[in-house]
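Hi everyone, thanks for having me.

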Amino acid sequence: MQEAFFGRENETKQLNNFFNTDSFQAALIYGRRRVGKTELIKHCIQDKKNKAIYYECKQTSEENNVSSLCEVISDVLDFPPMTFRDFESALSFLYKRSEKKSLYL
C-alpha cells in the first residue's frame, strides 16, 4: 500500500511542471537536512511515464560512486552491466540518451 504524501503541494506542482516540459532543464533542490527533499523527488518521479534516474552520492570515493551510479543506470534502462570511468562519462551518456528518448535525471 502506498503511503500518502502531504504538505508539499506547491513543491510537487513545481516539480511536475518541470518534468512535463519538452526543453532541457536542470533543477537544484536544496534545504536543511531531514526536511524531505529525497522523498519529494522520489514521490514526483514514481508515476512518470518516462524513465527516471535518481542517485544520491555517498561519502566514499568517486570510483565507488561512479560504480554505484552505473548499476542504477543499467537497472533503470534495462541494460546489461555498464561501466564508465568517471561521472562526466556517465552523465554524457545519459545526456545523449535523453536526446533520443525522454529521461529524467
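I'll talk about a pocket, then a helix, then one serine. Keep in mind that this is a predicted model.

Okay, the pocket. How do you find empty space in a protein? Rolling a probe the size of a water molecule over the atoms shows where empty space is left. The second largest pocket here holds about 260 Å³ of space. Which residues line it? Among them are Arg 8, Glu 11, Phe 18, Tyr 30 and Lys 37. Two elements each give two or more residues to that lining: helix H1, residues 9–19, and helix H2, residues 37–45. H1 gives the most, with four residues. If you sort the lining by class, you get eight nonpolar residues, one polar and three charged.

Now let's look at H2. Which of its residues are buried? Those are Leu 40, Ile 41, Cys 44 and Ile 45. They cover an arc of only 115° around the axis, so they sit on the same side of H2. Here's some helix background: an α-helix has 3.6 residues a turn, so residues three or four places apart point the same way. And what covers the buried residues of H2? The cover includes H1 and strand E1, residues 51–52.

Last stop, Ser 89, which is found in helix H4, residues 87–100. Is Ser 89 buried or exposed? It counts as buried, because its relative accessibility is 14%, and the cut-off is under 20%. Its side chain also joins that of Arg 85 through a polar contact of 3.3 Å.

Key:
Residues are numbered from 1 along each chain as its sequence is written. This is a predicted model: local features need pLDDT of at least 70, side-chain atom pairs count only at pLDDT 80 or more; totals for chains, interfaces and linings use all residues. Side-chain values use heavy atoms; hydrogens and water are left out. On a 1 Å grid over the protein atoms alone, a cavity is a set of points where a 1.4 Å probe fits but cannot get out, and a pocket is an open set with protein on both sides within 12 Å along at least five of seven lines; lining residues have an atom within 4 Å of a point. Grid points are joined across faces, edges and corners, and a volume is the space filled by probe spheres set on the points. Ala, Val, Leu, Ile, Met, Phe, Trp, Tyr, Cys and Pro count as nonpolar, Asp, Glu, Lys and Arg as charged, and the others, Gly among them, as polar. Buried means under 20% relative accessible area, exposed over 50%, partly exposed in between (1.4 Å probe, protein chains only). A polar contact is a pair of N or O atoms within 3.5 Å; within protein, one must be able to donate a hydrogen and the other to accept it, and residues adjacent in sequence count only if both atoms are side-chain atoms. The arc is that of the directions from the helix axis to the C-beta atoms. Contact means heavy atoms within 4.5 Å.
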